[in-house]
Amino acid sequence: MRWKLNSSAYKRVPSREAAMDPDLETPVKMADGGAGPSWRMSLPHVCVATLTSFLFGYHSGVVNEPLESISTDLGFAGNTLAEGLVVSICLGGAFVGCLFSGSIADGIGRRRAFQLSALPMIIGAAVSALTNSLEGMLLGRFLVGTGMGLGPPIASLYITEVSPPSVRGTYGSFVQIATCLGLIVSLLIGTPVKDIDRWWRVCFWVAAVPATLQALGMEFCAESPQWLYKCGRTSEAEIQFEKLLGPLHVKSAMAELSRSERGDDGENVKYTELFYGRNFNVVFIGTTLFALQQLSGINSVFYFSSTVFRSVGVPSNLANICMGIANLSGSIVAMLLMDKLGRKVLLSGSFLGMAFAMGIQAIGANRHHLGSASVYLSVGGMLLFVLTFSLGAGPVPGLLLPEIFPNKIRAKAMALCMSVHWVVNFFVSLLFLRLLEQLGPQVLYTMFASACVVAAIFVRRHVVETKGKTLQEIEVSLLQPQ
């Protein structure tokens with residue numbers, strides 16, 4: 001029998017132990033005639049949470065334009081290693097932050113974890129803005145990176161746990177949209193850097209504003225009811241459900257939650273428990289999805305885009321904005337379709353579209369036979385690749401994985417999967433130019449296209465559809481005994 005929030009309600013459960021009594025799961029008719037929870041009540045909480053994703057996008061692009069001015073003012077102009085470190089040290093910080101995100105989210109809760117992730121972003125932005133040395137810049141960027149690694153996994157957890165099933169996909173797409181907006185804003189803020197002396201310091205100070213707003217805003221947001229329930233704080237979970245869903249849906253939400261938690265001993269899961277038993281299946285899906293996302297070559301396309309655009313006379317500023325618009329446009333379309341077509345359709349279609357677009361780039365790399373047409377194929381292929389990525393492969397994994405992970409392992413499983421994301425991201429970025437030089441663009445782009453095809457096949461075979469289902473329905477269906 002399947003239970004739905006919009007079709008039934010349950011008798012009130014005064015405590016966690018009582019909630020686990022099957023005799024209390026007697027459906028009763030809702031006073032509102034069966035209407036589902038309103039999206040309006042949870043929207044403000046989701047918007048505050050997505051500030052983390054905005055900051056992620058902003059810090060990913062904040063040094064792109066000002067890097068030359070930064071290197072000149074801080075005395076390492078011409079030192080490509082130092083310039084590379086300023087850009088990439090965030091990856092190291094992000095990996096460290098991501099490793100601890102699961103334990104922090106489970107230990108102090110989602111709201112406090114958001115505030116903790118904002119702290120290094122505020123301090124790091126201030127250190128970067130005030131520094132007069134390379135060492136200070138690297139320290140500031142590393143601190144920002146820890147916040148970048150800590151925040152996004154918690155945002156995915158929180159948005160999944162506080163959203164009504166009917167709009168969970170739409171709200172999950174906010175993460176990708178906020179990231180795109182952060183990237184675009186960083187490019188726009190950095191535009192005057194060549195005309196105004198030391199403008200790069202302003203770029204870093206601007207980053208402290210949304211981080212501060214999030215730290216303050218989280219004081220007024222709801223805590224995750226799933227986390228509270230897992231901690232045995234049932235009455236508090238009911239209060240948060242009322243804040244997020246409305247009083248008419250508290251009983252049904254608590255009863256749904258109790259179904260998936262039966263047999264849970266209430267203790268925090270260890271990381272080793274993710275690698276065996278029934279948990280391994282969903283963790284395998286999650287880590288493989290993030291690995292294939294990075295092996296598709298998306299970061300390589302972003303890295304190489306400016307060079308290709310410049311070859312047809314398009315300035316790098318305009319190139320970056322075109323890529324940002326393509327990314328944002330696809331993300332908005334994904335938001336509109338996520339709860340209509342479902343996660344699986346968008347994800348598999350996205351990977352197939354990316355394979356096609358990467359194939360166009362591979363063909364365009366043959367400049368000897370195609371002449372000037374090859375450049376236009378490369379530019380068109382890049383824009384199409386980014387567009388199709390943002391339709392599914394970009395936003396879906398961060399939404400889908402918290403949905404399929406059981407409440408007991410959700411935080412640590414997300415931390416593990418995001419850590420795999422950062423590791424593969426690092427090695428693809430590290431080896432891209434070397435492989436481009438050794439293999440040539442045609443072979444390399446063909447490899448990326450093949451990875452996209454493998455990803456589409458993997459999605460079709462292993463990924464389950466979660467559209468419109470409660471988290472507890474998904475958990476029960478995935479972890480039922482075989």
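This is a predicted model: local features need pLDDT of at least 70, side-chain atom pairs count only at pLDDT 80 or more; totals for chains, interfaces and linings use all residues.

Trainee: OK, how many helices and strands does the protein chain have?

Mentor: There are 22 helices and zero strands.

Trainee: And what share of the residues is buried?

Mentor: Buried residues account for 56% of the 482 in the chain. The accessible surface is about 19600 Å², and 65% of that belongs to carbon and sulfur atoms. As for contacts between residues at least 6 apart in sequence, 83% of them join residues at least 24 apart.

Trainee: Let's zoom in on α4. Which of its residues are buried?

Mentor: Leu67, Ile70, Ser71 and Leu74 are buried in α4, which runs over residues 67–74. Looking down the axis of α4, those buried residues fall within an arc of 95°, so they line one face of the helix.

Trainee: Why would a spacing like that put residues on one side?

Mentor: An α-helix has 3.6 residues a turn, so residues three or four places apart point the same way.

Trainee: What does the face of α4 turned away from the buried side carry?

Mentor: The exposed residues Glu68 and Thr72 are on that face. On the buried side, the cover includes α5 (80–108), α7 (134–162) and α9 (199–217).

Trainee: And what follows α4?

Mentor: Gly75, with a positive phi near 85°.

Trainee: Changing topic: which residues form the nonpolar patch on the surface?

Mentor: Val423, Phe426, Phe427, Leu430, Leu431, Leu435, Leu439, Val443 and Met447, with about 750 Å² of accessible area together. Helix α20 (410–439) gives the largest share, seven residues. Helix α21 (441–462) also supplies at least two.

Trainee: Take Leu435, then. How exposed is it?

Mentor: Leu435, which is in α20, is partly exposed, with a relative accessible area of 31%.

Trainee: Last one, Glu465. Where does it lie?

Mentor: In the loop between α21 and α22 (471–479). Glu465 is partly exposed too, at 25% relative accessible area.

Trainee: What does Glu465 touch, leaving out residues up to four places away in sequence?

Mentor: Leu341, Gly342, Arg343, Lys344 and Val345. Glu465 and Leu341 are 124 residues apart in sequence, yet 9.9 Å apart in space, C-alpha to C-alpha.

Definitions and conventions: Residues are numbered from 1 along each chain as its sequence is written. Side-chain values use heavy atoms; hydrogens and water are left out. Buried means under 20% relative accessible area, exposed over 50%, partly exposed in between (1.4 Å probe, protein chains only). Helices (H or I, at least four residues) and strands (E, at least two) are DSSP runs, numbered from the N terminus. The arc is that of the directions from the helix axis to the C-beta atoms. Contact means heavy atoms within 4.5 Å. Patches are made of residues with over 30% relative accessible area and no salt bridge: like charges are joined within 9 Å, nonpolar side chains (Val, Leu, Ile, Met, Phe, Trp, Tyr) within 5 Å. Accessible areas come from the Shrake-Rupley method with a 1.4 Å probe; for residues, only the protein chains shown count as cover. A salt bridge is a side-chain nitrogen of Lys or Arg within 4 Å of a carboxyl oxygen of Asp or Glu.
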